[in-house]
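Please keep the sequence and the structure in view while reading.

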Amino acid sequence: MADEQDDINDDVSEDAPEDAAEDVDDLDDDGDEDDELDDDFDLSGVAPASAFYTAPEGYRSGFASFVGRPNAGKSTLTNALVGQKIVITSSKPQTTRNVVRGIVHREDAQLILVDTPGLHRPRTLLGERLNDLVRTTWAEVDVVACCFPANEKIGPGDRFLVTELAKVRRTIRIAVATKTDLVTPEQLGQHLLDIQKLGEETSTEWAEIVPVSAVSGDQVQLLADLLVGQMPEGPPLYPDGDLTDAPEEALAADLIREAALEGVRDELPHSIAVVVEEMGLREGRPDDKPLLVIVANLYVERDSQKGIMIGHKGSRLRSVGTVARKQIEALLGTPVYLDLQVKIAKDWQRDPRQLRKLGF
């Protein structure tokens with residue numbers, strides 16, 4: 001089976017850079033007018049927990065959203081609290097492009113963590129839509145936890161974010177100093193003072209200010225306790241055992257994009273998008289030897305980017321496929337056959353119709 005799984009890109013040489021022009025994918029093929037951004041975060045779609053479980057007296061459940069500048073540690077913190085990797089992480093900014101809900105199960109509470117893209121000053125239509133997604137989420141959750149990496153000084157990006165957050169009424173705000181394992185106690189103390197000062201200058205009242213390290217686990221449990229304490233009383237919203245409500249296709253696409261992000265030049269990460277075209281168990285295999293077949297397209301914006309992603313004789317694409325396959329197998333618990341191809345969707349970040357086709 002291993003040979004079958006790793007042989008996912010035998011035909012990669014057919015996708016050589018010189019043939020890239022033939023592989024331009026016209027995503028805008030339906031002739032529709034520009035579509036409006038979907039309301040991706042919709043609490044009406046959450047099933048009442050009473051269908052699954054009778055909560056004890058005093059049980060709490062609710063939604064908390066991690067927000068912050070790009071690469072502030074939001075996704076790593078979400079994974080640490082859930083106890084399993086459900087959100088992709090990368091040193092590249094703007095890794096998260098969708099609202100992903102991670103579910104923390106406790107005897108006294110169910111905490112739904114909403115990981116959002118980093119709020120930033122947008123330069124493309126994609127950036128504007130990601131920011132709209134963040135602001136929509138703020139108004140829907142019970143608590144917003146604003147992340148400030150301890151290894152970076154409070155700057156204009158943080159001030160912009162908190163100023164925007166101050167416009168949202170009724171939502172409880174918590175400040176989280178992330179990445180505390182990267183600084184000295186003296187640096188951390190100054191960072192916490194700067195966070196408090198930022199709140200005062202923007203008329204933002206922090207319900208809590210808590211330092212954490214998702215990498216070392218320091219005070220992660222304390223953060224969970226503080227978030228739960230701000231949740232309203234109510235039954236659980238998801239069945240016991242569910243760790244996320246993200247579709248498996250979306251999780252697989254994100255893990256492929258995470259693998260593709262590593263080692264690429266600074267201008268390329270924003271141009272990468274992944275769409276899972278097919279996903280299902282291969283027919284005719286024994287029940288004790290399942291194989292999940294995933295057919296996915298990795299989109300870039302230009303011919304030169306396609307060549308970078310494929311690499312010499314397909315070496316880089318094979319490496320991306322192998323890393324992604326192992327991550328998907330670890331998450332879903334099933335052997336995976338991954339068929340990964342690189343295609344071009346010219347300037348998709350600025351084209352509303354292509355953004356719609358790519359799921360934004």
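## Loops with positive phi

Serine 203 is placed in the loop between α5 and β6 (208–211); helices (H or I, at least four residues) and strands (E, at least two) are DSSP runs, numbered from the N terminus. The model is a predicted one, in which local features need pLDDT of at least 70 and side-chain atom pairs count only at pLDDT 80 or more, while totals for chains, interfaces and linings use all residues. Residues are numbered from 1 along each chain as its sequence is written, and side-chain values use heavy atoms, with hydrogens and water left out.

Serine 203 has a phi near 55°, a positive value in a residue other than glycine. With 70% relative accessibility, serine 203 counts as exposed. Here buried means under 20% relative accessible area, exposed over 50%, and partly exposed in between (1.4 Å probe, protein chains only). Most residues other than glycine have a negative phi. Lysine 179, likewise not a glycine, has a positive phi of about 60°; lysine 179 lies in the loop between β5 (172–178) and α5 (185–201).

## A covered strand

Strand β3 (residues 109–115) is mostly covered, with seven of its seven residues buried. In a regular strand the side chains alternate between the two faces of the sheet. On one side of β3 the buried residues are Ala109, Leu111, Leu113 and Asp115, and on the other they are Gln110, Ile112 and Val114. β3 pairs with strand β1 (residues 60–68) in the parallel sense over seven bridges, where pairing requires that DSSP finds at least two bridges between two strands. Glycine 62 has leucine 111 of β3 as its bridge partner.

## The mixed sheet and its helices

Strands β7, β8 and β9 form an open sheet in that order, with mixed pairing. Its edge strands, β7 (273–281) and β9 (336–344), each pair on one side only.

Angles run from 0 to 180 degrees between N-to-C directions, axes are lines fitted to C-alpha atoms, for helices over the stretch in contact, and contact means heavy atoms within 4.5 Å.

| Helix | Strands touched | Angle of direction |
|---|---|---|
| α7 (residues 248–261) | β7, β8 and β9 | about 130° with β7 |
| α9 | β7, β8 and β9 | about 135° with β9 |

Helix α9 (residues 315–332) has 18 residues and reaches 26 Å from its first C-alpha to its last, close to the 26 Å expected at 1.5 Å a residue; the expected span is 1.5 Å times one less than the number of residues. Among the buried residues of α9 are Arg316, Leu317, Val320 and Ala324. After α9 comes glycine 333, whose positive phi is near 75°.

Helix α8 (residues 303–310) packs against α9 at an angle of about 65°, and their axes are 5 Å apart. Ile308, Met309 and Ile310 of α8 meet Ser315, Arg316 and Leu317 of α9 in this contact.

Cysteine 146 counts as buried, at 0% relative accessibility, and cysteine 147 counts as buried at 0%.
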